[in-house]
Amino acid sequence: MKQYIKHQILRIFGDKVKQLRISRGWSQENLGIRARLHRTYIGSIERNERNISLLNVERIARAFEVPVQLLITERKSLKMNYRDDKGALDQGAHAGSIYRTKEERFAVIMPFLINALKKREKCLCIVENDTKNTIVDKLHKRGISADKCSQWGQFLFLSVEQVYLKNGYFDSEGVVNIFKNLHQDALSEGFYGLRIIAEATKRLIDSAGHKNFTQYETRLNYFFPGTKVTALDLYEEDAFNKEFLLNAVVLTHPKIFFYDRLVDNTYYKHPHVFTGDGKHRSPADDVYERIKAELLEKALN
C-alpha cells in the first residue's frame, strides 16, 4: 500500500510538471535552467522515475510561480447528472443576478460553481461569511470538499474588503487589475478559465457610491469579452433602490437572472454608449418594473 501511494504521488507530480511545462511552451532544458536542475533530471520527473526531494519540489514550483500544493494534489473529475443550465454561461460572459430570497440566490450560485468544477475552472468567490458557509455546506452535501478544492488552488474565497475596499476605499481600476492577474494566474496554473462570483452588499455600494459602482460594472464589459473569465454579480432586490438596480444591473449586464431565471438581456447597453446618469423619460421605478416584467415573461417562453 505504501509503495502504491509513493508511486501515485510521483505520477501526480510528474504529470503536473509536464502539463505546466508544455502550457508555458518550455522545453525540459528551459524548465531545468529556471529551476536550476539538469534537463535529464526534469525528464526523469516527468516519466515518474525520480523520487524528488522537497527542496527540488520547491525549486520547480518557484520556476512555475505556482504554490507547491498545486503540483502534488490531483484534481478529480466530477460526474454529475443533474441539469445545470444556470451554470452554462459562455466564457467572457458578464451576468447579473437579482434575487428576492436565499433560495433564489443559491439556485443560481450552485450550478454556476459546479459547472466551473466540472470544467476545471478556477473559482473566485467574493462573498459574505454566511454565503461562504452555505456554499461549503451545499458542496459537502454533494460530496465535494471545498477545503480540498482550495488546497489544489481551484477555490479562492475573499471578502469584500480584500477585493473592493483593499486600500480602505473603492478603487475600480484596482479591482479590474486583480481580476486580470487572477485570470492569468488561473491559466498559468493549468486551469481552463476563471469564474467570479461577486456579492454586492449594501455596505460595499454605500462605500463606493451608486454612480461609481455603476461605472465600474460598465467598465467590466471592456475586460470580460475575449477572456476565459465568466462573472456572476449578485444583488438582493430589496437591499437597493430601483434606480440603482436599473442602472448598475439591468443596463450593464448582457446576461441577467431575474429570480433565478436566465435571459438574454435586450436592455443591456454597450459601455461606449452607456451614461448611467439615471435620466429616463419615465420614473426609474416604473422603467425597472416594466423591464423586469418583460424579461421574466421572455424567460418563461
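Me: How many of the 8 residues of helix 3 are buried?
Reply: This is a predicted model. Helix 3 is largely enclosed by the rest of the structure. Its buried residues include Y41, I42 and G43. S44, I45 and E46 are buried too. Of the 8 residues of helix 3, the number buried is 6.

Me: Which residue with a positive phi follows helix 3?
Reply: Helix 3 covers residues 39-46. The residue in question has a phi near 65°. That residue is N48.

Me: Are helix 2 and helix 3 roughly parallel or roughly perpendicular to each other?
Reply: Helix 2 spans residues 28-35 and packs against helix 3 with the axes 8 Å apart. The angle between them is about 110°. Angles of 65 to 115 degrees count as roughly perpendicular. Helix 2 and helix 3 are therefore roughly perpendicular.

Me: Which residues of helix 3 make the contact with helix 2?
Reply: From helix 2 come Q28, E29, L31 and G32. By class, this contact has 2 nonpolar, 3 polar and 3 charged residues. Helix 3 supplies R39, I42, G43 and E46.

Me: At what angle do helix 2 and helix 4 pack?
Reply: Helix 4 is made of residues 54-64, and its axis lies 8 Å from that of helix 2. The two helices are roughly perpendicular. Their packing angle is about 105°.

Me: How many nonpolar residues does the contact of helix 2 with helix 4 have?
Reply: L31, R34 and A35 in helix 2 meet R59, I60, A63 and F64 in helix 4. By class, there are no polar residues and 2 charged ones. The nonpolar residues number 5.

Me: How far from C123 is the nearest cysteine sulfur?
Reply: C123 is buried, at 0% relative accessibility. The nearest cysteine sulfur belongs to C125. A disulfide needs sulfur atoms within 2.5 Å. C123 is in no disulfide, and the distance is 6.0 Å.

Me: Which cysteine has the sulfur nearest to that of C149?
Reply: C149 is buried, with a relative accessible area of 4%. C149 is in no disulfide. The nearest cysteine sulfur is 7.7 Å away, and it is that of C123.

Me: Do strand 6 and strand 7 pair in the parallel or the antiparallel sense?
Reply: Strand 6 holds residues 255-258 and strand 7 holds residues 261-264. F258 stands opposite R261 in strand 7. The strands pair over 4 bridges, and the sense is antiparallel.

Me: Which residue in the turn between strand 6 and strand 7 has a positive phi?
Reply: The two strands form a hairpin with 2 residues between them.

Technical notes. Residues are numbered from 1 along each chain as its sequence is written. This is a predicted model: local features need pLDDT of at least 70, side-chain atom pairs count only at pLDDT 80 or more; totals for chains, interfaces and linings use all residues. Side-chain values use heavy atoms; hydrogens and water are left out. Axes are lines fitted to C-alpha atoms, for helices over the stretch in contact, and angles run from 0 to 180 degrees between N-to-C directions. Angles under 35 degrees count as roughly parallel, over 145 as roughly antiparallel, 65 to 115 as roughly perpendicular and the rest as oblique. Contact means heavy atoms within 4.5 Å. Ala, Val, Leu, Ile, Met, Phe, Trp, Tyr, Cys and Pro count as nonpolar, Asp, Glu, Lys and Arg as charged, and the others, Gly among them, as polar. Buried means under 20% relative accessible area, exposed over 50%, partly exposed in between (1.4 Å probe, protein chains only). Two strands pair if DSSP finds at least two bridges between them.
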